[in-house]
Amino acid sequence: MDDTAYTHRSASKQQHRWHREAVELAAVFAAVAAADLVANVVVHGHDGPVLLLASAAAMLGTALFRGWLVHRHPPGQDALAPPGGSAVSSPGQSEPSVLWRLRTTVADTPGSLARVCAALAERQVNIVSMQAHPLPDCTVDEFIVRAPAALPRAGLTAAVAAGGGRDIWTDRADAHELVDVPRQVLALATRTALDAAELPVALRQLFGRAAIRQYPGRGSAAQPGVDGHLMRLPLPNGDLLELSRPNLPFTPTEFARARALVELDTVLGPRVPQVEARISRPAGDDLTVRRATPADKAAAVAMHARCSPESLRRRYHGPVKDADRYLDHLLDPRHGQTLAVETAQGRLVALSHLMWDDEGAEIALLVEDAWQRRGLGVDLVRRMAALALEAGVGTVYAVTTAANTGLISTMRRLSAPLDYQVEDGTLVITAHLAEAAEKLPAPWAAH
(Lines give C-alpha, C1' and ligand atoms only; values in the text may rest on other atoms or scores of the structure.)
Protein backbone atom coordinates (compact mmCIF):
# COMPACT_ATOMS: atom_id res chain seq x y z
CA MET A 1 0.00 0.00 0.00
CA ASP A 2 1.46 3.44 -0.92
CA ASP A 3 1.81 6.46 1.45
CA THR A 4 -1.03 8.46 -0.18
CA ALA A 5 -3.57 5.69 0.36
CA TYR A 6 -2.39 5.20 3.93
CA THR A 7 -2.68 8.93 4.74
CA HIS A 8 -6.16 9.11 3.23
CA ARG A 9 -7.34 6.11 5.24
CA SER A 10 -5.90 7.55 8.49
CA ALA A 11 -7.63 10.91 7.92
CA SER A 12 -10.89 9.11 7.22
CA LYS A 13 -10.63 7.14 10.47
CA GLN A 14 -9.94 10.33 12.50
CA GLN A 15 -12.92 12.13 10.96
CA HIS A 16 -15.17 9.16 11.67
CA ARG A 17 -14.00 9.08 15.33
CA TRP A 18 -14.77 12.86 15.78
CA HIS A 19 -18.30 12.39 14.45
CA ARG A 20 -18.94 9.49 16.81
CA GLU A 21 -17.73 11.43 19.87
CA ALA A 22 -19.98 14.40 18.97
CA VAL A 23 -23.00 12.10 18.68
CA GLU A 24 -22.24 10.43 22.03
CA LEU A 25 -21.91 13.85 23.77
CA ALA A 26 -25.24 15.02 22.32
CA ALA A 27 -26.87 11.79 23.51
CA VAL A 28 -25.60 12.39 27.08
CA PHE A 29 -27.10 15.93 27.18
CA ALA A 30 -30.40 14.62 25.78
CA ALA A 31 -30.52 11.87 28.42
CA VAL A 32 -29.89 14.38 31.25
CA ALA A 33 -32.65 16.67 29.97
CA ALA A 34 -35.10 13.75 29.67
CA ALA A 35 -34.29 12.57 33.21
CA ASP A 36 -34.87 16.07 34.61
CA LEU A 37 -38.21 16.29 32.80
CA VAL A 38 -39.38 12.91 34.12
CA ALA A 39 -38.34 13.79 37.67
CA ASN A 40 -40.34 17.06 37.56
CA VAL A 41 -43.42 15.27 36.23
CA VAL A 42 -43.29 12.51 38.85
CA VAL A 43 -42.65 14.86 41.81
CA HIS A 44 -44.94 17.74 40.89
CA GLY A 45 -47.52 16.08 38.60
CA HIS A 46 -50.81 14.50 39.66
CA ASP A 47 -50.26 11.25 37.63
CA GLY A 48 -46.66 10.50 38.63
CA PRO A 49 -47.22 6.88 39.82
CA VAL A 50 -49.34 6.07 36.75
CA LEU A 51 -46.59 7.39 34.49
CA LEU A 52 -43.96 5.25 36.25
CA LEU A 53 -46.10 2.10 35.92
CA ALA A 54 -46.70 2.81 32.20
CA SER A 55 -42.99 3.33 31.64
CA ALA A 56 -42.17 0.04 33.37
CA ALA A 57 -44.74 -1.81 31.25
CA ALA A 58 -43.33 -0.28 28.07
CA MET A 59 -39.77 -1.26 29.02
CA LEU A 60 -40.86 -4.83 29.83
CA GLY A 61 -42.66 -5.13 26.48
CA THR A 62 -39.61 -3.81 24.67
CA ALA A 63 -37.35 -6.35 26.41
CA LEU A 64 -39.68 -9.23 25.49
CA PHE A 65 -39.85 -8.10 21.86
CA ARG A 66 -36.06 -7.80 21.72
CA GLY A 67 -35.63 -11.33 23.08
CA TRP A 68 -38.01 -12.73 20.46
CA LEU A 69 -36.20 -10.85 17.68
CA VAL A 70 -32.77 -12.14 18.77
CA HIS A 71 -34.13 -15.68 18.85
CA ARG A 72 -35.42 -15.37 15.27
CA HIS A 73 -32.25 -13.69 13.92
CA PRO A 74 -29.08 -14.67 15.84
CA PRO A 75 -26.40 -11.97 16.15
CA GLY A 76 -23.78 -11.89 13.38
CA GLN A 77 -26.00 -13.39 10.72
CA ASP A 78 -26.44 -10.12 8.86
CA ALA A 79 -22.72 -9.39 9.13
CA LEU A 80 -21.99 -12.53 7.12
CA ALA A 81 -24.21 -11.50 4.26
CA PRO A 82 -22.29 -10.62 1.09
CA PRO A 83 -22.76 -7.28 -0.66
CA GLY A 84 -25.41 -8.80 -2.88
CA GLY A 85 -27.66 -9.33 0.11
CA SER A 86 -27.89 -13.14 0.22
CA ALA A 87 -26.58 -14.80 3.39
CA VAL A 88 -23.72 -17.28 3.24
CA SER A 89 -24.51 -20.81 4.34
CA SER A 90 -23.20 -21.80 7.74
CA PRO A 91 -20.38 -24.39 7.94
CA GLY A 92 -22.89 -27.10 8.74
CA GLN A 93 -24.81 -26.53 5.53
CA SER A 94 -23.67 -27.99 2.21
CA GLU A 95 -23.13 -25.48 -0.57
CA PRO A 96 -22.28 -26.57 -4.14
CA SER A 97 -18.64 -25.87 -4.89
CA VAL A 98 -15.99 -26.76 -7.47
CA LEU A 99 -12.22 -27.14 -7.38
CA TRP A 100 -9.99 -24.96 -9.54
CA ARG A 101 -6.29 -24.90 -10.28
CA LEU A 102 -5.16 -21.30 -10.32
CA ARG A 103 -1.79 -19.77 -11.19
CA THR A 104 -0.92 -16.09 -11.17
CA THR A 105 2.10 -13.81 -11.09
CA VAL A 106 2.34 -11.27 -8.29
CA ALA A 107 4.85 -8.56 -7.44
CA ASP A 108 7.66 -9.53 -5.10
CA THR A 109 6.62 -6.99 -2.44
CA PRO A 110 5.19 -7.34 1.09
CA GLY A 111 1.43 -7.80 1.07
CA SER A 112 1.07 -8.83 -2.59
CA LEU A 113 0.01 -12.39 -1.78
CA ALA A 114 -2.25 -11.15 1.03
CA ARG A 115 -4.16 -8.90 -1.38
CA VAL A 116 -4.80 -11.81 -3.74
CA CYS A 117 -5.99 -13.98 -0.83
CA ALA A 118 -8.28 -11.18 0.42
CA ALA A 119 -9.75 -10.75 -3.06
CA LEU A 120 -10.51 -14.47 -3.22
CA ALA A 121 -12.05 -14.41 0.26
CA GLU A 122 -14.43 -11.62 -0.79
CA ARG A 123 -15.84 -14.01 -3.42
CA GLN A 124 -16.15 -16.83 -0.84
CA VAL A 125 -13.26 -18.75 -2.46
CA ASN A 126 -11.39 -21.05 -0.07
CA ILE A 127 -7.68 -21.71 -0.68
CA VAL A 128 -7.02 -25.44 -0.22
CA SER A 129 -3.30 -25.50 -1.06
CA MET A 130 -0.67 -23.11 -2.34
CA GLN A 131 2.91 -23.26 -3.57
CA ALA A 132 5.22 -20.46 -4.64
CA HIS A 133 7.65 -20.38 -7.59
CA PRO A 134 10.08 -17.51 -6.94
CA LEU A 135 11.49 -15.58 -9.91
CA PRO A 136 14.11 -12.79 -9.93
CA ASP A 137 11.61 -9.89 -9.95
CA CYS A 138 8.27 -11.53 -9.10
CA THR A 139 6.66 -14.68 -7.76
CA VAL A 140 4.40 -17.21 -9.48
CA ASP A 141 1.82 -18.53 -7.00
CA GLU A 142 -0.13 -21.69 -7.72
CA PHE A 143 -3.32 -22.52 -5.82
CA ILE A 144 -5.90 -25.24 -5.52
CA VAL A 145 -9.08 -23.41 -4.52
CA ARG A 146 -12.64 -24.39 -3.73
CA ALA A 147 -15.05 -21.84 -5.20
CA PRO A 148 -18.85 -21.57 -5.19
CA ALA A 149 -20.33 -23.41 -8.14
CA ALA A 150 -22.16 -20.22 -9.13
CA LEU A 151 -18.86 -18.36 -9.56
CA PRO A 152 -17.81 -18.60 -13.24
CA ARG A 153 -14.24 -18.82 -14.49
CA ALA A 154 -14.37 -15.15 -15.53
CA GLY A 155 -15.44 -14.14 -12.02
CA LEU A 156 -12.57 -16.09 -10.47
CA THR A 157 -10.10 -14.45 -12.86
CA ALA A 158 -11.54 -11.02 -12.16
CA ALA A 159 -11.16 -11.53 -8.40
CA VAL A 160 -7.48 -12.42 -8.77
CA ALA A 161 -6.90 -9.46 -11.07
CA ALA A 162 -8.57 -7.15 -8.54
CA GLY A 163 -6.08 -8.39 -5.96
CA GLY A 164 -3.13 -7.45 -8.14
CA GLY A 165 -2.50 -10.75 -9.93
CA ARG A 166 -1.46 -10.87 -13.58
CA ASP A 167 -0.82 -13.58 -16.19
CA ILE A 168 -3.72 -15.47 -14.63
CA TRP A 169 -4.35 -19.10 -15.64
CA THR A 170 -7.23 -21.26 -14.40
CA ASP A 171 -8.33 -24.83 -15.01
CA ARG A 172 -10.79 -27.19 -13.40
CA ALA A 173 -9.27 -29.55 -10.84
CA ASP A 174 -10.43 -32.74 -9.15
CA ALA A 175 -9.87 -34.44 -5.82
CA HIS A 176 -6.81 -36.33 -7.12
CA GLU A 177 -4.89 -33.04 -7.22
CA LEU A 178 -5.35 -32.45 -3.49
CA VAL A 179 -1.90 -33.82 -2.66
CA ASP A 180 1.09 -32.57 -0.75
CA VAL A 181 3.67 -31.58 -3.38
CA PRO A 182 6.82 -32.86 -1.57
CA ARG A 183 5.07 -36.17 -0.91
CA GLN A 184 3.98 -36.38 -4.56
CA VAL A 185 7.53 -35.78 -5.79
CA LEU A 186 8.88 -38.48 -3.48
CA ALA A 187 6.23 -40.94 -4.67
CA LEU A 188 7.04 -40.22 -8.32
CA ALA A 189 10.75 -40.61 -7.60
CA THR A 190 10.06 -44.00 -6.02
CA ARG A 191 8.12 -45.15 -9.07
CA THR A 192 10.89 -43.94 -11.36
CA ALA A 193 13.50 -45.76 -9.26
CA LEU A 194 11.61 -49.04 -9.54
CA ASP A 195 10.90 -48.86 -13.28
CA ALA A 196 12.63 -46.78 -15.95
CA ALA A 197 9.42 -46.74 -18.01
CA GLU A 198 7.80 -44.62 -15.30
CA LEU A 199 9.94 -41.52 -16.00
CA PRO A 200 7.70 -40.04 -18.76
CA VAL A 201 4.61 -40.85 -16.69
CA ALA A 202 6.13 -39.21 -13.60
CA LEU A 203 6.97 -36.03 -15.53
CA ARG A 204 3.48 -35.89 -17.01
CA GLN A 205 1.83 -36.31 -13.61
CA LEU A 206 4.14 -33.71 -12.09
CA PHE A 207 3.40 -31.02 -14.68
CA GLY A 208 -0.10 -31.87 -15.86
CA ARG A 209 -0.86 -31.60 -19.56
CA ALA A 210 2.68 -31.66 -20.94
CA ALA A 211 3.89 -33.25 -24.18
CA ILE A 212 7.16 -35.20 -23.85
CA ARG A 213 9.53 -35.91 -26.74
CA GLN A 214 12.92 -37.62 -26.79
CA TYR A 215 15.31 -36.80 -29.64
CA PRO A 216 18.26 -39.18 -30.14
CA GLY A 217 21.67 -37.51 -30.45
CA ARG A 218 20.52 -33.91 -29.90
CA GLY A 219 21.48 -33.52 -26.25
CA SER A 220 25.07 -32.36 -26.77
CA ALA A 221 23.99 -29.33 -28.84
CA ALA A 222 21.12 -28.27 -26.57
CA GLN A 223 21.29 -25.87 -23.65
CA PRO A 224 19.42 -27.16 -20.58
CA GLY A 225 16.82 -24.89 -19.05
CA VAL A 226 13.40 -23.31 -19.52
CA ASP A 227 12.31 -21.15 -22.42
CA GLY A 228 8.73 -20.12 -21.70
CA HIS A 229 6.53 -23.06 -22.62
CA LEU A 230 9.48 -25.35 -23.47
CA MET A 231 11.78 -27.24 -21.11
CA ARG A 232 14.98 -28.91 -22.36
CA LEU A 233 16.73 -31.71 -20.47
CA PRO A 234 19.88 -33.16 -22.11
CA LEU A 235 20.48 -36.78 -21.11
CA PRO A 236 23.90 -38.33 -20.40
CA ASN A 237 23.48 -40.78 -23.30
CA GLY A 238 23.39 -37.84 -25.73
CA ASP A 239 19.62 -37.70 -26.22
CA LEU A 240 17.47 -34.63 -25.63
CA LEU A 241 14.28 -34.71 -23.59
CA GLU A 242 11.84 -31.87 -24.37
CA LEU A 243 8.69 -31.02 -22.46
CA SER A 244 6.19 -28.56 -23.88
CA ARG A 245 3.09 -27.11 -22.23
CA PRO A 246 1.27 -24.65 -24.51
CA ASN A 247 -1.11 -23.23 -21.91
CA LEU A 248 1.27 -22.60 -19.03
CA PRO A 249 4.94 -21.53 -18.95
CA PHE A 250 7.42 -23.58 -16.94
CA THR A 251 9.21 -22.09 -13.94
CA PRO A 252 12.78 -22.64 -12.66
CA THR A 253 11.34 -24.54 -9.69
CA GLU A 254 9.64 -27.01 -12.04
CA PHE A 255 12.85 -27.35 -14.04
CA ALA A 256 14.75 -28.25 -10.86
CA ARG A 257 12.19 -30.96 -10.02
CA ALA A 258 12.32 -32.44 -13.52
CA ARG A 259 16.10 -32.40 -13.57
CA ALA A 260 16.22 -34.23 -10.22
CA LEU A 261 14.01 -37.03 -11.61
CA VAL A 262 16.12 -37.31 -14.78
CA GLU A 263 19.36 -37.44 -12.78
CA LEU A 264 17.90 -40.17 -10.57
CA ASP A 265 16.94 -42.18 -13.66
CA THR A 266 20.43 -41.69 -15.13
CA VAL A 267 22.23 -42.83 -11.98
CA LEU A 268 20.14 -46.00 -11.68
CA GLY A 269 20.43 -46.91 -15.37
CA PRO A 270 18.13 -49.25 -17.36
CA ARG A 271 15.96 -51.35 -15.06
CA VAL A 272 12.83 -53.43 -15.48
CA PRO A 273 10.82 -54.98 -12.63
CA GLN A 274 10.85 -58.75 -12.46
CA VAL A 275 7.16 -59.49 -13.04
CA GLU A 276 5.54 -62.23 -15.07
CA ALA A 277 2.36 -64.25 -15.49
CA ARG A 278 1.40 -67.61 -16.91
CA ILE A 279 -0.86 -68.09 -19.91
CA SER A 280 -2.33 -71.59 -20.20
CA ARG A 281 -3.72 -72.82 -23.49
CA PRO A 282 -6.07 -75.79 -24.13
CA ALA A 283 -3.42 -77.47 -26.29
CA GLY A 284 -1.13 -77.67 -23.27
CA ASP A 285 1.25 -74.91 -24.36
CA ASP A 286 2.26 -73.07 -21.21
CA LEU A 287 3.44 -69.56 -22.02
CA THR A 288 4.98 -66.84 -19.90
CA VAL A 289 4.26 -63.14 -20.36
CA ARG A 290 6.77 -60.74 -18.82
CA ARG A 291 8.39 -57.35 -19.27
CA ALA A 292 10.97 -57.35 -22.04
CA THR A 293 14.45 -55.85 -21.62
CA PRO A 294 17.27 -54.81 -23.99
CA ALA A 295 18.75 -58.27 -23.33
CA ASP A 296 15.86 -59.76 -25.36
CA LYS A 297 17.01 -58.13 -28.59
CA ALA A 298 18.56 -61.25 -30.11
CA ALA A 299 15.45 -63.33 -29.40
CA ALA A 300 13.24 -60.54 -30.78
CA VAL A 301 15.29 -60.34 -33.99
CA ALA A 302 14.95 -64.10 -34.39
CA MET A 303 11.17 -63.83 -33.94
CA HIS A 304 11.04 -61.12 -36.63
CA ALA A 305 12.86 -63.50 -38.98
CA ARG A 306 10.14 -66.14 -38.44
CA CYS A 307 7.33 -63.67 -39.19
CA SER A 308 5.91 -63.34 -42.67
CA PRO A 309 6.40 -60.10 -44.64
CA GLU A 310 2.66 -59.50 -44.39
CA SER A 311 2.72 -59.68 -40.56
CA LEU A 312 5.69 -57.29 -40.43
CA ARG A 313 3.98 -54.93 -42.86
CA ARG A 314 0.85 -54.78 -40.71
CA ARG A 315 2.96 -54.12 -37.62
CA TYR A 316 5.31 -51.48 -39.07
CA HIS A 317 3.00 -50.15 -41.82
CA GLY A 318 5.44 -51.00 -44.60
CA PRO A 319 8.33 -53.31 -45.54
CA VAL A 320 10.89 -53.87 -42.80
CA LYS A 321 14.49 -54.59 -43.78
CA ASP A 322 16.25 -53.69 -40.55
CA ALA A 323 14.45 -54.71 -37.36
CA ASP A 324 17.47 -53.85 -35.19
CA ARG A 325 16.86 -50.12 -35.63
CA TYR A 326 13.30 -50.40 -34.29
CA LEU A 327 14.07 -52.85 -31.49
CA ASP A 328 16.80 -50.71 -29.92
CA HIS A 329 14.13 -48.08 -29.31
CA LEU A 330 11.22 -50.37 -28.46
CA LEU A 331 13.13 -52.43 -25.89
CA ASP A 332 14.47 -49.36 -24.09
CA PRO A 333 12.38 -49.12 -20.88
CA ARG A 334 12.69 -45.32 -20.86
CA HIS A 335 10.42 -45.11 -23.91
CA GLY A 336 7.56 -47.24 -22.59
CA GLN A 337 6.71 -50.77 -21.60
CA THR A 338 7.20 -53.86 -23.75
CA LEU A 339 5.65 -57.25 -22.99
CA ALA A 340 7.15 -60.46 -24.34
CA VAL A 341 5.46 -63.86 -24.59
CA GLU A 342 7.86 -66.80 -24.52
CA THR A 343 7.48 -70.57 -24.62
CA ALA A 344 8.83 -73.03 -22.08
CA GLN A 345 11.91 -73.32 -24.31
CA GLY A 346 12.58 -69.57 -24.03
CA ARG A 347 11.56 -68.64 -27.60
CA LEU A 348 9.68 -65.37 -28.08
CA VAL A 349 6.41 -65.70 -29.97
CA ALA A 350 4.80 -62.27 -29.41
CA LEU A 351 5.77 -58.70 -28.53
CA SER A 352 3.52 -55.81 -27.56
CA HIS A 353 4.54 -52.23 -26.90
CA LEU A 354 2.98 -49.43 -24.86
CA MET A 355 4.64 -46.14 -25.85
CA TRP A 356 3.83 -42.95 -23.92
CA ASP A 357 2.67 -40.10 -26.12
CA ASP A 358 1.30 -36.76 -24.86
CA GLU A 359 -1.75 -37.53 -22.73
CA GLY A 360 -2.26 -41.06 -24.11
CA ALA A 361 -0.23 -44.07 -25.13
CA GLU A 362 0.19 -46.02 -28.36
CA ILE A 363 -0.31 -49.78 -28.46
CA ALA A 364 1.54 -51.87 -31.05
CA LEU A 365 1.45 -55.63 -31.41
CA LEU A 366 3.33 -58.36 -33.29
CA VAL A 367 2.45 -62.07 -32.99
CA GLU A 368 4.42 -64.75 -34.80
CA ASP A 369 2.39 -66.30 -37.65
CA ALA A 370 2.31 -69.78 -36.12
CA TRP A 371 0.78 -68.39 -32.93
CA GLN A 372 -1.81 -66.09 -34.44
CA ARG A 373 -5.57 -66.58 -33.81
CA ARG A 374 -4.95 -68.21 -30.42
CA GLY A 375 -6.01 -65.23 -28.29
CA LEU A 376 -2.53 -63.89 -27.60
CA GLY A 377 -3.28 -60.53 -29.21
CA VAL A 378 -6.41 -59.96 -27.12
CA ASP A 379 -4.60 -61.00 -23.93
CA LEU A 380 -1.68 -58.64 -24.57
CA VAL A 381 -3.83 -55.66 -25.52
CA ARG A 382 -5.93 -56.07 -22.37
CA ARG A 383 -2.78 -56.23 -20.23
CA MET A 384 -1.42 -53.13 -21.96
CA ALA A 385 -4.65 -51.24 -21.29
CA ALA A 386 -4.49 -52.23 -17.60
CA LEU A 387 -0.85 -51.03 -17.41
CA ALA A 388 -1.88 -47.70 -18.95
CA LEU A 389 -4.61 -47.25 -16.33
CA GLU A 390 -2.11 -48.07 -13.57
CA ALA A 391 0.09 -45.25 -14.89
CA GLY A 392 -2.81 -42.80 -14.88
CA VAL A 393 -3.22 -42.79 -18.67
CA GLY A 394 -6.87 -42.92 -19.67
CA THR A 395 -6.64 -43.38 -23.46
CA VAL A 396 -4.70 -45.78 -25.68
CA TYR A 397 -4.64 -45.86 -29.45
CA ALA A 398 -3.46 -48.14 -32.24
CA VAL A 399 -2.26 -47.02 -35.67
CA THR A 400 -3.02 -49.42 -38.52
CA THR A 401 -4.92 -49.67 -41.80
CA ALA A 402 -8.55 -50.45 -42.51
CA ALA A 403 -7.45 -53.82 -43.94
CA ASN A 404 -6.06 -54.98 -40.57
CA THR A 405 -9.34 -56.49 -39.38
CA GLY A 406 -7.55 -58.58 -36.75
CA LEU A 407 -6.30 -55.56 -34.79
CA ILE A 408 -9.63 -53.78 -35.18
CA SER A 409 -11.42 -56.80 -33.69
CA THR A 410 -8.85 -56.98 -30.87
CA MET A 411 -9.39 -53.33 -29.90
CA ARG A 412 -13.14 -53.92 -29.80
CA ARG A 413 -12.57 -56.69 -27.25
CA LEU A 414 -11.48 -54.03 -24.73
CA SER A 415 -15.19 -53.23 -24.19
CA ALA A 416 -14.27 -49.55 -24.16
CA PRO A 417 -15.70 -46.67 -26.25
CA LEU A 418 -13.69 -46.38 -29.47
CA ASP A 419 -12.98 -43.45 -31.78
CA TYR A 420 -12.04 -44.06 -35.41
CA GLN A 421 -10.06 -41.57 -37.48
CA VAL A 422 -8.99 -42.23 -41.06
CA GLU A 423 -6.45 -40.02 -42.82
CA ASP A 424 -4.36 -40.78 -45.91
CA GLY A 425 -5.14 -44.49 -45.69
CA THR A 426 -4.13 -44.71 -42.01
CA LEU A 427 -6.64 -45.77 -39.38
CA VAL A 428 -6.22 -44.59 -35.78
CA ILE A 429 -8.38 -46.38 -33.19
CA THR A 430 -8.55 -44.66 -29.80
CA ALA A 431 -9.95 -46.48 -26.76
CA HIS A 432 -11.25 -44.54 -23.72
CA LEU A 433 -10.43 -46.86 -20.84
CA ALA A 434 -12.30 -45.22 -17.94
CA GLU A 435 -15.57 -47.01 -18.76
CA ALA A 436 -13.78 -50.36 -19.16
CA ALA A 437 -11.62 -50.19 -16.03
CA GLU A 438 -13.70 -52.73 -14.08
CA LYS A 439 -13.68 -55.18 -17.00
CA LEU A 440 -9.91 -55.21 -17.44
CA PRO A 441 -7.93 -57.85 -15.54
CA ALA A 442 -4.90 -57.13 -13.39
CA PRO A 443 -1.83 -56.74 -15.62
CA TRP A 444 -0.06 -59.76 -14.11
CA ALA A 445 -3.00 -62.07 -13.50
CA ALA A 446 -2.48 -65.64 -14.68
CA HIS A 447 -4.84 -66.73 -17.45
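Here's a quick briefing on how this chain is put together, from the overall picture down to a few single residues.

This is a predicted model, so to speak: local features need pLDDT of at least 70, side-chain atom pairs count only at pLDDT 80 or more, and totals for chains, interfaces and linings use all residues. Residues are numbered from 1 along each chain as its sequence is written, and side-chain values use heavy atoms, with hydrogens and water left out.

**Overall picture**

- The protein chain has 12 helices and 16 strands; these are DSSP runs numbered from the N terminus (helices are H or I with at least four residues, strands are E with at least two).
- Of the 447 residues in the protein chain, 38% are buried. Buried means under 20% relative accessible area, exposed means over 50%, and partly exposed is in between (1.4 Å probe, protein chains only).
- Take the contacts in the protein chain with a separation of 6 or more: residues 24 or more positions apart account for 63% of them. Contact here means heavy atoms within 4.5 Å.

**Nonpolar cores**

- The largest nonpolar core has 39 residues, and Leu354, Leu376 and Leu414 have the most contacts inside it. Helix H11 (residues 376-390) gives the largest share of this core, with seven residues.
- A nonpolar core is a set of buried Ala, Val, Leu, Ile, Met, Phe, Trp, Tyr and Cys residues joined through side-chain atoms within 4.5 Å.
- Another core, of 19 residues, lies apart from that one; among its members are Leu188, Leu199, Leu206 and Ala210.
- Leaving out residues up to four places away in sequence, Leu414 touches Val381, Arg382, Ala385, Ala431, Leu433, Ala436 and Leu440.

- Helix H5 (residues 181-194) packs with helix H6 (residues 198-207) at an angle of about 165°, their axes 8 Å apart. Axes are lines fitted to C-alpha atoms, for helices over the stretch in contact, and angles run from 0 to 180 degrees between N-to-C directions.
- H5 and H6 are therefore roughly antiparallel to each other. The cut-offs: under 35 degrees is roughly parallel, over 145 roughly antiparallel, 65 to 115 roughly perpendicular, and the rest oblique.
- H5 passes H6 in a right-handed crossing (right-handed if the near helix is turned clockwise from the far one by less than a right angle, left-handed if anticlockwise).
- On the H5 side, Gln184, Val185, Leu188, Arg191 and Thr192 meet Glu198, Leu199, Val201, Ala202, Gln205 and Leu206 of H6.
- H6 also packs with helix H7 (residues 252-268) at an angle of about 165°, with the axes 11 Å apart. That makes H6 roughly antiparallel to H7.
- The crossing of H6 and H7 is right-handed. Leu199, Ala202, Leu203, Leu206 and Phe207 of H6 make the contact with Glu254, Arg257, Ala258, Leu261, Val262 and Asp265 of H7.

**Helices with a buried face**

- In helix H3 (residues 112-122), Ser112, Val116, Ala119 and Leu120 are buried. Looking down the axis of H3, these fall within an arc of 100°, so they line one face of the helix; the arc is that of the directions from the helix axis to the C-beta atoms.
- The buried residues of H3 pack against strand E1 (97-107), strand E2 (126-134), strand E3 (138-148) and helix H4 (153-162). Just after H3, Gln124 takes a positive phi of about 60°.
- Helix H8 (residues 297-306) has Ala300, Met303 and His304 buried. They fall within an arc of 105° seen down the axis of H8, so they line one face of the helix, while exposed Ala298 and Ala305 sit on the face turned away from the buried side.
- In helix H12 (residues 405-412), the buried residues are Leu407, Ile408, Thr410 and Met411. Their arc is within 160° down the axis of H12, so they line one face of the helix.
- Exposed Thr405 and Arg412 are on the face of H12 turned away from its buried side. The cover over the buried residues of H12 includes H11, strand E14 (395-400), strand E15 (418-423) and strand E16 (426-432).

- Asp265 in helix H7 counts as buried, at 2% relative accessibility. Beyond residues up to four places away in sequence, Asp265 touches Thr192, Ala196, Leu199, Arg271 and Arg334.
- Arg278 is in strand E9 (residues 276-280) and counts as partly exposed at 49% relative accessibility.
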